[in-house]
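Here is a short report for a first look at this structure. Keep the sequence and the model in view as you read.

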Amino acid sequence: MHRAYDTLLAKGEDRRELILSAAQRLLARNGWRSTSLAQIARAAGITPAGLLHHFQSKDQLLHAVLDARDADDDARADRSGDPIEQIRGLYLRFEKSPDLVGMFAVLLIENLEPDAPLHDRLLARHRAAVDTIEAGIRRGQHAGRYRTDVNPAVKAVEIVAFLNGMETSWLLDRSLPLAEIFEDFTQSLEQQLMPTSTI
């Protein structure tokens, strides 16, 4: 009886992951406004009723997809580490999770207006990313690794703008040499942040 219940739970979790994966692909391609639950169900190989068993509404599914993106970010991030080293390897996420990158870029553009359904969540996420990088720069300044005449808040916004822009640029042109671009950017950051004697 216990094994049968475990098998049922595993099948349910597998189906939930299938739905999330299908939603990520369709959202990256069509955006939220042009993607229906019926399309997602069809792409996942289940009925609309089967989808609604796992996600009771389109909004709930949308937030679950964003939760998956946030969990992916959390699994890869070291928010207490050195920001430059973190940024240097971020391009690897583009190639490992292209659907998540594409979906997030499309949803961000779709929800720029204050009355858009995900505006508040995405704005809070943006601010959290800026705050995390700013805190990392301040740690570096306090430790004597970074120059103290650099404004951490301004530099953090510049870095997040670069990352968002690179996601969009790469989605448009997958042939971009990401490793080279990120290495060049982080070397530039080192020149801007580190005392001349340590470069």
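## Basis

This is a predicted model: local features need pLDDT of at least 70, side-chain atom pairs count only at pLDDT 80 or more, and totals for chains, interfaces and linings use all residues. Residues are numbered from 1 along each chain as its sequence is written, and side-chain values use heavy atoms, with hydrogens and water left out.

## Nonpolar cores

A nonpolar core is a set of buried Ala, Val, Leu, Ile, Met, Phe, Trp, Tyr and Cys residues joined through side-chain atoms within 4.5 Å. Buried means under 20% relative accessible area, exposed over 50%, and partly exposed in between (1.4 Å probe, protein chains only). The largest nonpolar core holds 24 residues. Ile19, Ile40, Leu51 and Leu61 have the most contacts inside it. Helices α1 (2–30), α2 (37–44), α4 (58–76) and α7 (98–110) each supply at least two residues of this core. Helix α1 gives the most, with six residues. Helices here are DSSP runs (H or I, at least four residues), numbered from the N terminus.

Alanine 64 lies in helix α4. Its relative accessible area is 9%, so alanine 64 is buried. Leaving aside neighbours within four places in sequence, alanine 64 is in contact (heavy atoms within 4.5 Å) with Arg16, Leu20 and Phe55.

Glutamate 134 sits in helix α8 (residues 119–142). Glutamate 134 is also buried, at 16%. Not counting residues up to four places away in sequence, glutamate 134 touches Pro152, Ala153 and Ala156.

## Salt bridges

A salt bridge is a side-chain nitrogen of Lys or Arg within 4 Å of a carboxyl oxygen of Asp or Glu. By this rule the model has 13 salt bridges. One of them joins arginine 121 to aspartate 67, with the closest N and O atoms 2.6 Å apart. Arginine 121 lies in helix α8 and aspartate 67 in helix α4, so the pair ties together parts that are 54 residues apart in sequence. Arginine 121 is partly exposed, at 23%. Aspartate 67 is partly exposed too, at 43%.

Glutamate 167 forms a salt bridge with arginine 69 (3.6 Å, N to O). Glutamate 167 is in helix α9 (residues 152–172) and arginine 69 in helix α4, 98 residues apart. Both residues are buried. Glutamate 167 also forms a salt bridge with arginine 93, the closest N and O atoms being 2.9 Å apart. Arginine 93 lies in helix α6 (residues 91–96).
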